[in-house]
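Keep the 3D view open as you read.

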Amino acid sequence: MIPSIISLLLLLAGLPLAWAGVEVARTIGVDMIGSLAWAHAIVSAMIAAWSGMAATLGRKLAAKKAGQPFFWLDEVLRDGFVSVTIGAAGYWLGSAQGFTSMQVGTGLLVGGYAGVRALDWAADKWFGAKQPPGA
Amino acid sequence: MNIPRGGYPMAARFAALTAATGTAAVTILLPMSSAARSMGNSILGEILVWLTLAATLLGWADLILHDIFGRLILPSLDMHLRHRVCVFLYHWLTAAWFLRAMVLFGSTTGQPIERFVIGSWYVWTGISTAILAVLIALDDR
């Protein structure tokens, strides 16, 4: 119940914060924002991390169906590391090739998820790691 | 879908769907709006907006049928698969917010300060929707 309230409050707080942001922005020099390349890179990392989290959630649901234990911290750390590493490489490659932001972002989303799933497959195939059925 | 009825979870999903539907509708209906201009003319952007709109329609159908009328969409569907679809729906909405923010931060349309404020709102809403997606995934029902 409490996390749901937090989620709801965050969503509802978005609009007044955006309005407050506009008001504050009027007093901030444009130079402080610059080209927003740092924001671009941060959001890229968030996309890659979230795509890895999608794979984690999928395994969590599969583990729940199979009645198996699920170790959140281990899984999230592993998937986060893999997806952000793949994302960083994808961001660099996409930028070097002159891809648009939408192309790079879509690539990060697909690459982060596919990278984690590929790691699952490789661990299962070569190292005999136990994966939840349907994961 | 396999999620609790009413209360704060329903209100949170209502807020998330309202934000996503509103932004997608503004992007489609108002080509000169900040939301539309920031997406540029890319075909991937068009696909993103329409997929988001389709996801929100499914979310609204679930919210109205399940939470208000107490009925399920396709009752014969496996409950586990139903839950996964629901989680995927909110996962997609989160990804769409982040993609919007990334495109906006990488574009050159408008003033940097305008892009910064609107992009920050996208990120904020994306993080809120991400929390919701995780909560739905953790729901034991």
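Two residues are in contact when they have heavy atoms within 4.5 Å. In this predicted model, leaving aside neighbours within four places in sequence, B:Y90 is in contact with B:R13, B:A16, B:L17, B:T129, B:L132, B:A133 and B:I136.

Now for the place where the chains meet. Here, 52 residues of chain A are in contact with 50 residues of chain B. Between them the chains bury about 4,200 Å², 82% of it on carbon and sulfur atoms. A:L11, A:W50 and A:M102 supply 18% of the area that chain A buries against chain B, more than any other three residues. Across this interface the rule finds zero salt bridges, but four residue pairs in polar contact. On the side of chain A that touches chain B, α2(A) has the largest share, 18 residues. By class, that side looks like this:

| Class | Residues of chain A |
|---|---|
| Nonpolar | 34 residues |
| Polar | 15 residues |

Finally, look at A:V104 in helix α4 (residues 101–126) of chain A. Is A:V104 buried or exposed? A:V104 counts as buried because its relative accessibility is 7%, and buried means under 20%. Beyond its neighbours within four places in sequence, A:V104 is in contact with A:Y91, A:G94, A:F99 and B:M102.

Terms used
Residues are numbered from 1 along each chain as its sequence is written. Chains are lettered from A and ligands numbered from 1 in the order in which they are written. This is a predicted model: local features need pLDDT of at least 70, side-chain atom pairs count only at pLDDT 80 or more; totals for chains, interfaces and linings use all residues. Side-chain values use heavy atoms; hydrogens and water are left out. Helices (H or I, at least four residues) and strands (E, at least two) are DSSP runs, numbered from the N terminus. Buried means under 20% relative accessible area, exposed over 50%, partly exposed in between (1.4 Å probe, protein chains only). Buried area is the accessible area (1.4 Å probe) that two parts lose on being put together, summed over both. A salt bridge is a side-chain nitrogen of Lys or Arg within 4 Å of a carboxyl oxygen of Asp or Glu. A polar contact is a pair of N or O atoms within 3.5 Å; within protein, one must be able to donate a hydrogen and the other to accept it, and residues adjacent in sequence count only if both atoms are side-chain atoms. Ala, Val, Leu, Ile, Met, Phe, Trp, Tyr, Cys and Pro count as nonpolar, Asp, Glu, Lys and Arg as charged, and the others, Gly among them, as polar.
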